[in-house]
Amino acid sequence: MDEIKKIIEKGDIVALTGAGISAESGIPTFRGKEGLWANYNPSVYANIPGLMGVFLFRPSRLKQFLLDIFETTVKARPNRAHYKLAELEEDGLLNSIITQNIDNLHQEAGSENVIELHGNIFRFRCRSCDKTSFMHKSEQKEFIEKIKRTSRTELINLILPRCECGGRYRPDVVLFGESLPEGELRKAYRKAEKANTLLMIGTSGVVYPAASLPFNASRQNINIIEINKEPTSLSHLADFTIRDKASTGMEEV
Ligand code: OAD
């Protein structure tokens, strides 16, 4: 622990977070027995053609999927791990958070420098003009009620509302097979390259390009600390491992 303390005190920490950091906020992870993909096959639910198929042939199942996602994220609140990261930033020790999560919980906890590799479920983006619109939790609660009431034909207009440019908005999240937001990805590489320490929290490290960041850091001899309940495909890169939940692991840090 003394060694971890010394590293942390040097500052210039960049955190790479995944679904595991939000598990204690009530958001299921993706993989594993209770993960989202155990209920919803990602080859169907994590891409546009698959989702269109569900809309056409099993619209009530699509509604259920949307409700499961939105109801979970709207209810979730940051946990101690999110707050501890925000504190490290406030203390000038943490430079930025690179997150694969779409739940907005880092920002809700007060973190300012958050790089979102996979988007944000509370943001909608017009596919034609790129304009964005942020839906606050209170608005999202109304949105959920509308999803429950809406007919199949109206569902599309609700989820993909028209933009004034004539295009359509969609939830600003990255689905399988889609490119990551280029600017965010570039920023993530730049930040990670300059870090003194990379703190990996609650990610299985199987989804790229996010998972390439620790490999780059390892090549550059950047200190790597992993906090995860279980070993992951990135564990071998870690100089220090805290085999614990994100909240208690972060408290130790
Ligand atoms: P995963 O579901 O793949 O992995 C979650 C990780 O969190 C696992 O390693 C768990 O052991 C760990 N974990 C679970 N509960 C924890 C807790 N309380 N404290 C600490 N660790 C815990 O989630 P990600 O690695 O985030 O992408 O998945 C990466 C990407 O795969 C997601 O962003 C998503 C998904 O497909 C897209 O949808 C584009």
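Visitor: Which strands each supply at least two residues of the lining of the second largest pocket?
Guide: In this predicted model, those strands are S4, covering 119–126, and S6, covering 169–173.

Visitor: And where does the largest share of that lining come from?
Guide: Strand S6 provides the largest share, with four residues.

Visitor: How much space lies in the second largest pocket?
Guide: The second largest pocket holds about 290 Å³ of space. It is lined by 15 residues, and those closest to its centre are Arg127, Asp172, Val174, Ser179 and Pro181.

Visitor: What is the lining like by class?
Guide: Eight of the lining residues are charged, five are nonpolar and two are polar.

Visitor: Turning to the ligand, which residues come nearest?
Guide: There are 24 residues around the ligand, and Ala19, Arg31, Thr203, Ser204 and Asn228 come nearest.

Visitor: How does that shell divide by class?
Guide: The shell around the ligand has ten polar, eight nonpolar and six charged residues.

Visitor: What lies 2.6 Å from an oxygen atom of the ligand?
Guide: That is an N or O atom in the side chain of serine 204. Histidine 118 also places a side-chain N or O atom 2.8 Å from a ligand oxygen. For glutamine 100, a backbone N or O atom lies 3.2 Å from an oxygen atom of the ligand.

Visitor: How much of the ligand does the protein bury?
Guide: The protein buries 92% of the 790 Å² that the ligand exposes when taken alone.

Conventions: Residues numbered from 1 in each chain as written. Predicted model: local features only at pLDDT ≥ 70, side-chain atom pairs only at ≥ 80, totals over all residues. Heavy atoms only, no water. 1 Å grid on protein atoms, 1.4 Å probe; cavity = no way out; pocket = protein on both sides within 12 Å on 5 of 7 lines; lining within 4 Å. Points joined across faces, edges and corners; volume = space filled by probe spheres on them. Nonpolar A, V, L, I, M, F, W, Y, C, P; charged D, E, K, R; others polar. Near = heavy atom within 4 Å. Polar contact = N/O pair within 3.5 Å; in protein donor to acceptor, adjacent residues only side chain to side chain. Areas by Shrake-Rupley, 256 points an atom, 1.4 Å probe, with all protein chains shown as cover.
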